[in-house]
Amino acid sequence: MTQLATEERVGPRRGLLHRLDVKGSPYLYIAPFFILFLGFGVFPLIFTAWVSLHEWSLLSEEHTWIGFGNYTKLFDDPAFWNALWNTVSIWVISTVPQLLLALVLAHILNQRLRGQTFWRMSALIPNITSVAAVAIIFSQLFGRDYGLFNWVLGLFGVDKIDWTANTWSSHVAVSTMIIWRWTGYNALIYLAAMQAVPKELYDSASLDGASSFQQLRKITVPAIRPTIIFTVIISTIGGMQVLAEPLLFGGNGLTGGSDRQFQTLALYLYEVAFGRFDFGYASASSWVMFLIIVVVAAINFGITSRLRRS
Amino acid sequence: MATTLAPPPRHVSPPQTARRRIRRLSRRRPGKLTYLMLTAIAFFSFFPLYWSVVVASQDNSALGKIPPPVLLGGNLWFNLKRAFTMVPFEKALINSFLVAGAITLSVVLFSTLAGFAFAKLRFRGRNILLLSIIGTMMVPTTLGIIPLYMLMAKIQWTGTIYAVIVPAMVNGFGVFFMTQYLSEAVPTELLEAGRVDGCSTIRLFWHVVLPAARPAAAVLGMLTFLTAWNDFFWPLVVLTPEDPTVQVVLSTLSAGRITDYSLALTGALIAILPLLVVFVVLGKQIIGGIMQGAVKG
């Protein structure tokens, strides 16, 4: 307010204030973002690296420097490798069908439909459902004795599956939750990209007698390839951090099943940090997770830029 | 367009094929099969939500029957009362509204401010800074939760909703989204004219930019509210079961070897319901926002 008042006064000071306003105020406007993000986003991530080089427990005030001790321990830790393997497995089982389904769904939605908004909304509704609610609902559906899925499978003569008990079945169950929640979202992203593809391409393909599926494969997929790679990157970053689904699927157990059969990396991190309060060790696994994400994203970027150039 | 570009037919086709071709040309007029598939998709989308109502309206003995009940029972009211007495659901709902509301206001305000600066103002380092913001969208911030928790413990915010609100008050997506929108929505000439008339930057922001930003701000606000309402991991870490958000309550309800599913799914239903209402009213805008963000992202 005071600034406005002085501004209206005409005089030699106005020039200075005006220049200060033009040169300085942009920084003022972007400052909140940078201050908050540096404080609560970047700093913690970097400080994680510092903590990871210590024996650092929430329960003691003393933090002993142990260099890369936590990292060497981590690479010898079968529970870590198990969690990494589970994460990759769940990521593959959830991402591949999810993105394929999303492509098909987007292809179906990319028509002049009656009730267009309704169909799009029904595709997106799983995504606005909270991840915790999804995990709880599906845990019930996947129940061994009274779950709906086992009952339906039973109609086809399949024996009851104890979904939480086995590695493969628990991975399928967790992946199902992820697929259900994210397919429609990805479909809408694909749909947005598909709408930028020139319609003439499809018209001439139709003239040549290409089926709808062929058009999807030969025209749509190459045209929206950057978007597909973008969704792969996003799903990778998300897939490496899957936590709520296995946590709630296992009745809030931090180990992801009695034999850690569906413990993901993020859940392992949670167990080490807030089950055992071993912050140093948990920080080391955070950083390893971070590096894994960076490497995978970089590979994706490399592929993207090569594709764009060619 | 297409007809002028298409090569002339090499031979005259019999009328039947011609008609079929014309039908194909007016491409993608969906048939019955399309609607059948869409109905199936809608079924799979809605079914788990319907199912949560079914389970929430049964008592646990009915849930132990085979085949499982697939229609509504009469116990919804009873389960709702149970949910509100067994866990602090009222408090959780209030907390969730406060958290999501505060985060939404703050994200929209700060994103619009920063978006204005990036889209319309000239200053040194602009491109680098904008690029770094886009870079932050790729940073998996959940991996920093340990120091974040230590920080919150130090300033004694653990167990309070400040710990959930403050770190989420800005995000890279919001800034990027508003930058994109404002660079097109606000005519630069208008800002220059305002400058000539002696308007300060903040006044331009208030009288020119903010009104123009309203549609995008609404979309960003809705997306932010959804994300904040549904956030799980960090609230679970930093809040207590006594003073939780809705998502934290859900984890309390599903704890244990044997889950009381009619209670747990009642909880899930309560957690979904507010967003469902928002979505039914504003779904079209939310979808538009996601698709807009995707094309630009």
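Residues are numbered from 1 along each chain as its sequence is written, while chains are lettered from A and ligands numbered from 1 in the order in which they are written. Because the model is predicted, local features need pLDDT of at least 70 and side-chain atom pairs count only at pLDDT 80 or more, whereas totals for chains, interfaces and linings use all residues.

**Figure 1. The contact between chain A and chain B.** On chain B, 88 residues are in contact with 83 residues of chain A; two residues are in contact if their C-beta atoms, placed from the backbone, lie within 7 Å. The element of chain B that gives the most to this side is helix 15 (residues 261–296), with 15 residues. Helices (H or I, at least four residues) and strands (E, at least two) are DSSP runs, numbered from the N terminus. Sorted by class, the side of chain B that touches chain A holds 61 nonpolar, 19 polar and 8 charged residues. Ala, Val, Leu, Ile, Met, Phe, Trp, Tyr, Cys and Pro count as nonpolar, Asp, Glu, Lys and Arg as charged, and the others, Gly among them, as polar.

**Figure 2. The largest nonpolar core.** This core has 161 residues, of which Ala132(A), Ala135(A), Ile136(A), Leu188(A), Tyr190(A) and Ala268(B) touch the most other members. A nonpolar core is a set of buried Ala, Val, Leu, Ile, Met, Phe, Trp, Tyr and Cys residues joined through C-beta atoms within 7 Å. A residue is buried if 20 or more other C-beta atoms lie within 10 Å of its own, exposed if 12 or fewer, and partly exposed in between, with C-beta atoms placed from the backbone. Helix 8 (residues 167–194) of chain A gives the most to the core, with 16 residues. Leaving aside neighbours within four places in sequence, Ile136(A) is in contact with Leu248(A) and, on chain B, with Leu250(B), Ser254(B), Ala264(B), Leu265(B) and Ala268(B).

**Figure 3. Helix 14 of chain B.** In helix 14 (residues 246–253) of chain B, 7 of the 8 residues are buried, so the helix is largely enclosed by the rest of the structure. The buried residues are Val246(B), Gln247(B), Val248(B), Val249(B), Leu250(B), Ser251(B) and Leu253(B). Chain B has 15 helices and 0 strands, and buried residues make up 40% of its 297 residues.

**Figure 4. The two assigned domains of chain A.** The assignment gives domain 1 (2–52) and domain 2 (70–309); such bounds come from an automatic or database domain assignment. The C-alpha centres of domain 1 and domain 2 of chain A lie 40 Å apart. Their contact takes 4 residues from domain 1 and 7 residues from domain 2. On the domain 1 side there are 2 nonpolar, 2 polar and no charged residues.

Figure 5. An unreviewed UniProt entry lists several spans of chain A as "transmembrane region", including residues 27–51 and 88–109. UniProt positions are given in the numbering used here, feature names are shortened, and annotations may be inferred rather than shown by experiment. Residues 27–51 of chain A are 100% helix and 0% strand, with end C-alpha atoms 32 Å apart. Residues 88–109 of chain A are 100% helix and 0% strand, with end C-alpha atoms 31 Å apart. For chain B, the spans listed under that name in an unreviewed UniProt entry include residues 33–51 and 92–116. The end C-alpha atoms lie 26 Å apart for residues 33–51 of chain B and 35 Å apart for residues 92–116 of chain B.

**Figure 6. Gln241(A) and its surroundings.** Gln241(A) lies in the loop between helix 11 (225–239) and helix 12 (244–249) of chain A. Gln241(A) counts as buried because it has 21 C-beta neighbours inside 10 Å. Not counting residues up to four places away in sequence, Gln241(A) touches Ala266(A), Pro140(B) and Thr142(B).

**Figure 7. Two residues with positive phi in chain A.** Most residues other than glycine have a negative phi. Arg260(A), not a glycine, has a positive phi of about 60°, and lies in the loop between helix 12 and helix 13 (265–275) of chain A. With 22 C-beta neighbours inside 10 Å, Arg260(A) counts as buried. Phe277(A), also not a glycine, has a positive phi of about 55° and is found in the loop between helix 13 and helix 14 (279–309) of chain A. With 14 C-beta neighbours inside 10 Å, Phe277(A) counts as partly exposed.
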